[in-house]
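Please read the sequence and the model shown here before going on.

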Amino acid sequence: MFLGSLFTNRETFKTYYKLILDECISIGLGSLFLVALVSTFMGAVTTVQTAYNMVSDFIPDYVISQVVREMIVLELAPTIIAVIYAGKVGSSMAGGLGTMRITEQIDALEVMGINSISYLVLPKIIASIMMYPLLVIIAGVCGMLGGYLAGTLTGIITPTDYVYGLRSSYNEFTVIFALIKSVVFAFLVASISSYKGYYTQGGALEVGVSTTQAVTTSVIAVLIADYLLAQLLLAK
Amino acid sequence: MIKIENITKSFGDKLVLSEVSGVFEKGKPNLIIGASGTGKSVLLKCIVGLIKPDRGQTFYDGRDFYDSDRTTKTEIRREMGMLFQGGALFDSKTVEQNVRFPLDVLTQMSRSEKADRVNFCLKRVGLENVNSKMPSEISGGMKKRVGIARAIVNNPNYLFCDEPNSGLDPQTSILIDELIQDISEDLDITTIVVTHDMNSVMGIGERIMFIYKGKNVWVGTNKDITHSGVKELDDFVFANKVMNSLRNK
């Protein structure tokens with residue numbers, strides 16, 4: 001019913017255009033620094049730990065960057081960043097909508113004859129679906145760059161081997177898979193967080209509860225979806 | 001004119017409103033009064049459709065609100081303006097953006113027409129040079145006035161005010177009351193004010209509905225209110241020390 005209300009009694013396209021743009025800036029630019037920072041360190045740590053586990057001299061060094069690439073593209077960039085995304089963007093959505101609910105701002109929209117679900121939630125979901133895949137791409141690039149820096153600066157792997165490993169046995173479907181996951185995760189985080197925030201009842205305490213529930217439920221949904229998508233799209 | 005018939009609402013086992021009926025005429029403020037927790041705000045929210053009553057109907061100039069389709073409901077709602085207890089201003093928008101908001105979303109007016117209308121409404125409520133301030137930067141009384149400006153900016157036919165004086169000092173309360181009365185008369189709109197403030201009742205209460213334990217117990221004017229003969233109303237009215245001292249004189 002909640003998702004159905006997004007598309008009934010909508011306002012004009014012009015109204016949504018500006019709202020979506022604002023949300024894109026808030027979600028995209030607002031998360032950029034954290035995503036870049038986390039993914040760079042994830043890439044660096046993955047490189048160091050992969051190298052640590054490579055005990056056989058028969059395994060060439062470039063395998064390290066192959067493993068880093070696969071881990072980052074398949075799992076770390078879309079999924080772990082989704083958990084961080086739920087914590088940052090999801091909590092902000094739930095908190096914002098929850099505060100609007102308890103201060104009667106949502107009621108004010110309804111009295112004006114505006115479909116508040118559509119007006120407030122639809123731009124968030126669309127902006128999330130547009131921006132999160134971009135964040136995942138940036139996370140992937142930063143992760144591999146972090147791995148490169150950690151690997152080459154500490155002498156774990158040479159720059160040539162690292163780049164060779166990234167390029168060898170490359171399967172483009174992993175990137176498509178990561179983007180499919182990112183769209184699904186973006187939708188889940190935005191819709192669950194908006195739902196929790198929109199239906200907040202009570203006062204400031206309940207806004208906090210809604211925010212926590214939004215993050216917890218979003219993370220669980222992301223993990224379940226992650227498994228289901230892997231089973232559906234990768235299982236042989 | 002707004003007419004309500006047999007509005008009944010329960011939350012779980014608790015009956016909040018029971019068969020409340022009445023007529024709210026245009027041109028003067030219609031007051032719904034009663035002690036805290038008697039169901040005044042719930043009644044107002046049932047009238048504007050924010051809460052769906054279990055039973056009963058609301059007619060806006062003959063148009064049945066609850067039984068109408070979504071389009072008609074939206075049309076009726078776009079003729080409404082509402083002042084909420086806390087102002088309900090949008091935190092992320094300036095005063096000007098708040099007042100302009102209904103025009104931005106609901107009309108095709110040009111930028112200059114909107115600016116003129118916003119400035120007119122802000123001037124009408126006695127606010128000037130506050131256009132660029134955020135809601136957090138203005139006082140409670142100013143927030144209420146901005147709320148009124150936003151409520152009237154789209155030329156509503158129906159104005160609803162939920163406890164417009166709560167949290168305000170007596171002087172500002174009187175200003176807000178007079179503003180609501182003037183706007184109701186000047187624009188010839190149907191205004192419903194929910195309040196428990198006796199100053200408002202005596203000041204602008206030309207049409208009063210008294211709610212007690214979810215029931216419409218008495219209807220009258222501020223001239224009749226002190227000698228209604230209704231015990232529950234007397235208890236409410238003379239709980240105020242000033243009113244009580246006047247009665248004893």
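**Strand S8 of chain B and its surroundings**

Strand S3 (residues 29-33) of chain B runs parallel to S8(B) and pairs with S8(B) over five bridges; two strands pair if DSSP finds at least two bridges between them. One of these links joins B:Asn30 to B:Ile192 of S8(B). Helices (H or I, at least four residues) and strands (E, at least two) are DSSP runs, numbered from the N terminus.

This is a predicted model, in which local features need pLDDT of at least 70 and side-chain atom pairs count only at pLDDT 80 or more, while totals for chains, interfaces and linings use all residues. Residues are numbered from 1 along each chain as its sequence is written, and chains are lettered from A and ligands numbered from 1 in the order in which they are written.

S8(B) also pairs with strand S7 (residues 158-162) of chain B, again in the parallel sense and over five bridges. Here B:Leu159 has B:Thr191 as its bridge partner in S8(B). Together with helix H6 (residues 170-187) of chain B, S7(B) and S8(B) make a right-handed β-α-β unit (right-handed if, with the strands pointing away from the viewer, the path from the first strand over the helix to the second runs clockwise).

Why is strand S8 (residues 190-195) of chain B largely enclosed by the rest of the structure? Six of its six residues are buried, that is, 20 or more other C-beta atoms, placed from the backbone, lie within 10 Å of the residue's own. B:Thr190, B:Ile192 and B:Val194 cover one side, and B:Thr191, B:Val193 and B:Thr195 the other.

In chain A, the topic is helix packing. Helix H2 (residues 62-102) of chain A packs against helix H4 (residues 116-153) of chain A at about 145°, with axes 8 Å apart. Axes are lines fitted to C-alpha atoms, for helices over the stretch in contact, and angles run from 0 to 180 degrees between N-to-C directions. The contact of H2(A) with H4(A) has 17 nonpolar, five polar and two charged residues. Helix H1 (residues 13-53) of chain A and H2(A) pack at an angle of about 145°, their axes being 9 Å apart. Residues of that contact comprise 18 nonpolar, six polar and one charged.

Finally, the two chains meet: 15 residues of chain B are in contact with 13 residues of chain A, contact being C-beta atoms, placed from the backbone, within 7 Å. Helix H2 (70-77), strand S6 (80-83) and helix H3 (95-106) of chain B each supply at least two residues of the side of chain B that touches chain A.

How values were computed
Ala, Val, Leu, Ile, Met, Phe, Trp, Tyr, Cys and Pro count as nonpolar, Asp, Glu, Lys and Arg as charged, and the others, Gly among them, as polar. A residue is buried if 20 or more other C-beta atoms lie within 10 Å of its own, exposed if 12 or fewer, and partly exposed in between; C-beta atoms are placed from the backbone.
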